[in-house]
Amino acid sequence: MRRVVPEHTKSAVGRASKVVGKGVGSAGEIEAARAVLSNFRSAHAFPLNAVTVTVRQRALDVNPNAVVAQRLKRLPTILDKLTRIPTMSVTTMHDLGGCRVVFETVEEVDALVSVLRDLPRARNRVTRVYDYLRDDPGPKASGYRGMHLAYEYGASMAEYHGLRIELQVRTQLQHAWATAVETMDLFSGSELKYSKGDRDVIRFFAIVSSLMAYEERTAPVPGAEQAPGALLAELDELESRLGIVGRLRGYAAIVGDHASSDRRSALTLALQRREGRLTVTVHETMAEAEARLNELESQNDPEVDAVLVNIARIGQLQAAYPNYYADTSMFTDFVVSRLMSFA
């Protein structure tokens, strides 16, 4: 597999970030800046794979049924973030390469985090643990919950030293919540993930997250700390007006099932949002997958969402990236069951 290495200094990447973020310069200069950022993003594939190998081994020790997947941050997402925060540099983003683990319980999440944080002789260093379940910093006001570990690559390949990788560790409930939010954003064009959009919809997801937190015996969401009965009464009223469950089920109805296999693969997923059509392409090499992703992203089509995924078994793809399949059944089942108990 051909390795992509950083071709530009961090200063050059920082300058390219400002060109894109502020939209200054000619069309040619902006295109050149995008190429610099694309290379820097792609260079994270090698350290991401190195971190994921260790994480996968330790996660399966905790629970053999753990879902482990990795992905590079989408270039349009990076460019959008720079536009929203023009002073930001891509060099300060710690999630260009992301690994995700999904467990059944909070206890399993804690077990993996404890092992990885104190792993002896680890050359890929955990620089910070973000606890979005209890404190430091605690659940986000949007309702997001989970554990994040920020890594810095420091193993054998010196050209990648200092590159940052983010590990997200979640329970199935936490993953179901995040998936529902991402699905709403993906299909409707909203930005609930950033607490932007209809305030009632944002409130709906915050309440559901708090109810999940109470079930998992972790901290409730700030601003949604009422007793479960009061939260359910508010949720019932919001669902009656907004019909979020129906919307999510409608998105699921327009996306079909896709390939399953037991071999390790690199894949690209391309979602045509308007048609609700998902195309999954299996590639023989990571280089082929990266080339296909670059081709899709270069189209600059706002109706196309594309992502590259490297996963041990294609059969786990839907479990790891359910938002591309509009698979929000665990979330909607949770909401419906709680509302039925309230009624």
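What volume does the largest pocket have? The volume of the largest pocket is about 1,500 Å³, where a pocket is an open set of points on a 1 Å grid over the protein atoms alone, with protein on both sides within 12 Å along at least five of seven lines. This is a predicted model, in which local features need pLDDT of at least 70 and side-chain atom pairs count only at pLDDT 80 or more, whereas totals for chains, interfaces and linings use all residues. Residues are numbered from 1 along each chain as its sequence is written, and side-chain values use heavy atoms, with hydrogens and water left out.

**The largest pocket**

- Of the 50 residues lining the largest pocket, Lys 73, Arg 74, Thr 77, Lys 193 and Tyr 194 are the closest to its centre, a lining residue being one with an atom within 4 Å of a point.
- At least two lining residues each come from helix H4 (75-84), strand E5 (164-171), helix H6 (172-188), helix H10 (286-298) and strand E8 (304-311); helices (H or I, at least four residues) and strands (E, at least two) are DSSP runs numbered from the N terminus.
- Helix H4 gives the most to this lining, with 7 residues.
- The lining of the largest pocket comprises 20 nonpolar, 10 polar and 20 charged residues, with Ala, Val, Leu, Ile, Met, Phe, Trp, Tyr, Cys and Pro counted as nonpolar, Asp, Glu, Lys and Arg as charged, and the others, Gly among them, as polar.

**Cavities**

- The whole structure holds 4 cavities of 30 Å³ or more, a cavity being a set of grid points where a 1.4 Å probe fits but cannot get out, and a volume being the space filled by probe spheres set on the points, which are joined across faces, edges and corners.
- The second largest cavity has a volume of about 60 Å³, and its lining consists of Arg 71, Gly 98, Cys 99, Arg 100, Glu 166, Gln 168 and Tyr 321.
- Strand E2 (97-103) and strand E5 are the elements that give two or more residues to the lining of this second largest cavity, and E2 gives the most, with 3 residues.

- In H5, the residues Val 106, Glu 108, Val 109, Leu 112, Val 113 and Leu 116 are buried, meaning under 20% relative accessible area, with exposed over 50% and partly exposed in between (1.4 Å probe, protein chains only).
- Seen down the axis of H5, these buried residues fall within an arc of 160 degrees, so they line one face of the helix, the arc being that of the directions from the helix axis to the C-beta atoms.
- In H8, the buried residues are Leu 231, Leu 232, Leu 235, Leu 238, Glu 239 and Leu 242, and they fall within an arc of 130 degrees seen down the axis, so they too line one face of their helix.
- Just after H8, Gly 243 adopts a positive phi of about 60 degrees.

- Thr 332 lies in helix H12 (residues 329-342) and counts as buried because its relative accessibility is 2%.
- Leaving aside residues up to four places away in sequence, Thr 332 touches Val 245, Leu 248 and Arg 249, contact meaning heavy atoms within 4.5 Å.
- Asp 333, also placed in H12, counts as partly exposed at 46% relative accessibility.
- Between Asp 333 and Val 245 there are 8.9 Å in space, C-alpha to C-alpha, although the two are 88 residues apart in sequence.
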